[in-house]
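Student: I would like to learn how to read the features of a model, one at a time. Please take me through this one.

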Amino acid sequence: MTNLPDENQNKTSSKIQKYWQHYEMNSKEIYELIDQRIYREHNLISNRMTWYVTSQSFLMAAFAVSGGQGNSVSRLFKLILPILGMLISLIILASIIAAWKAMQKLGNYRREILKADGYLQRIEPFKSRFMDGKYSWINYLGVSPPILMPLLFLIAWILILAAFLRSIL
């Protein structure tokens with residue numbers, strides 16, 4: 001038989017309660033809302049990365065196709081495409097970092113709820129993963145591809161642009 005939380009065990013910390021004071025929810029409900037927001041941020045990152053990789057593929061293909069001709073239009077493309085690729089890489093990197101920071105803030109709220117709620121603290125996966133920080137390396141490995149990919153494409157575009165500029169000067 002499971003111990004259900006009594007009314008006192010389900011109180012949240014004053015900081016969290018202040019944030020959620022206009023809603024009549026217990027800590028489990030607040031926890032679920034925060035978890036949904038974190039899930040939403042993960043989905044946004046996934047969508048951004050899909051769009052980003054697709055756009056980079058088109059830019060790289062366009063750059064490769066424009067390589068054969070020596071006319072002024074192909075030279076203009078060889079100048080514009082790397083700059084566009086770099087700008088898109090910087091924009092997507094900023095949006096990924098913003099989403100990651102939002103997830104960290106939500107994670108802090110989640111941790112406060114767990115600290116304040118005696119019932120949720122007794123559930124081992126919550127305690128070890130979100131309170132004790134036992135598996136924080138999982139989060140860092142999970143966010144590394146969306147952060148590293150724009151950096152790698154940015155470096156690739158810089159090298160491509162530098163090689164092109166060297167060839168025309």
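Tutor: Buried means under 20% relative accessible area, exposed over 50%, and partly exposed in between (1.4 Å probe, protein chains only). Please keep in mind that this is a predicted model, in which local features need pLDDT of at least 70 and side-chain atom pairs count only at pLDDT 80 or more, while totals for chains, interfaces and linings use all residues. Residues are numbered from 1 along each chain as its sequence is written, and side-chain values use heavy atoms, with hydrogens and water left out.

Student: How many helices and strands does the protein chain have?

Tutor: Helices (H or I, at least four residues) and strands (E, at least two) are DSSP runs, numbered from the N terminus. Here the protein chain has six helices and zero strands, so read from the N terminus its elements are α-α-α-α-α-α. Of its 169 residues, 30% are buried.

Student: How should I read a pair of aromatic rings, and how many aromatic pairs does the structure hold?

Tutor: Such a pair is described by the distance of the centres and the angle of the planes. Rings of Phe, Tyr and Trp (its six-membered ring) pair if their centres lie within 6.5 Å; planes under 30 degrees apart are stacked, over 60 edge-to-face and the rest tilted. The structure holds two aromatic pairs. In one of them, Tyr52 and Phe153 have ring centres 5.6 Å apart and planes at 85°, so this pair is edge-to-face. Tyr52 sits in helix α2 (residues 27-65) and Phe153 in helix α6, so distant parts of the chain, 101 residues apart, are linked. Phe153 is partly exposed, at 23% relative accessibility.

Phe63 and Trp157 form an edge-to-face pair too, with 6.2 Å centre to centre and 85° between the planes. Because Phe63 lies in helix α2 and Trp157 in helix α6, this pair ties together parts that are 94 residues apart in sequence. Phe63 is buried at a relative accessible area of 16%, and Trp157 is buried at 0%.

Student: Now the charges, please. Which residue forms a salt bridge with Arg110?

Tutor: A salt bridge is a side-chain nitrogen of Lys or Arg within 4 Å of a carboxyl oxygen of Asp or Glu. A search of the whole structure finds two. Arg110 is bridged to Asp35, their closest N and O atoms being 2.9 Å apart. As Arg110 is in helix α3 and Asp35 in helix α2, the pair ties together parts 75 residues apart in sequence. Arg110 is buried, with a relative accessible area of 10%, whereas Asp35 is partly exposed at 35%.

Arg37 and Glu41 also meet in a salt bridge (3.7 Å, N to O). They are four residues apart in helix α2, and therefore separated by about one helical turn. Arg37 is partly exposed at 39% relative accessibility, while Glu41 is buried at 10%.

Student: Where is Lys78, and which residues are in contact with it?

Tutor: Lys78 is in helix α3 (residues 72-116). Contact means heavy atoms within 4.5 Å. Leaving aside neighbours within four places in sequence, Lys78 is in contact with Phe63, Ser66, Gly67, Leu161 and Phe164.

Student: How far from Lys78 is the nearest side chain of opposite charge?

Tutor: For charge, Lys and Arg count as positive and Asp and Glu as negative, with His and the chain ends not counted. The nearest side chain of opposite charge to Lys78 is Glu41, 38 Å away. Lys78 is thus a buried residue that has no salt bridge.
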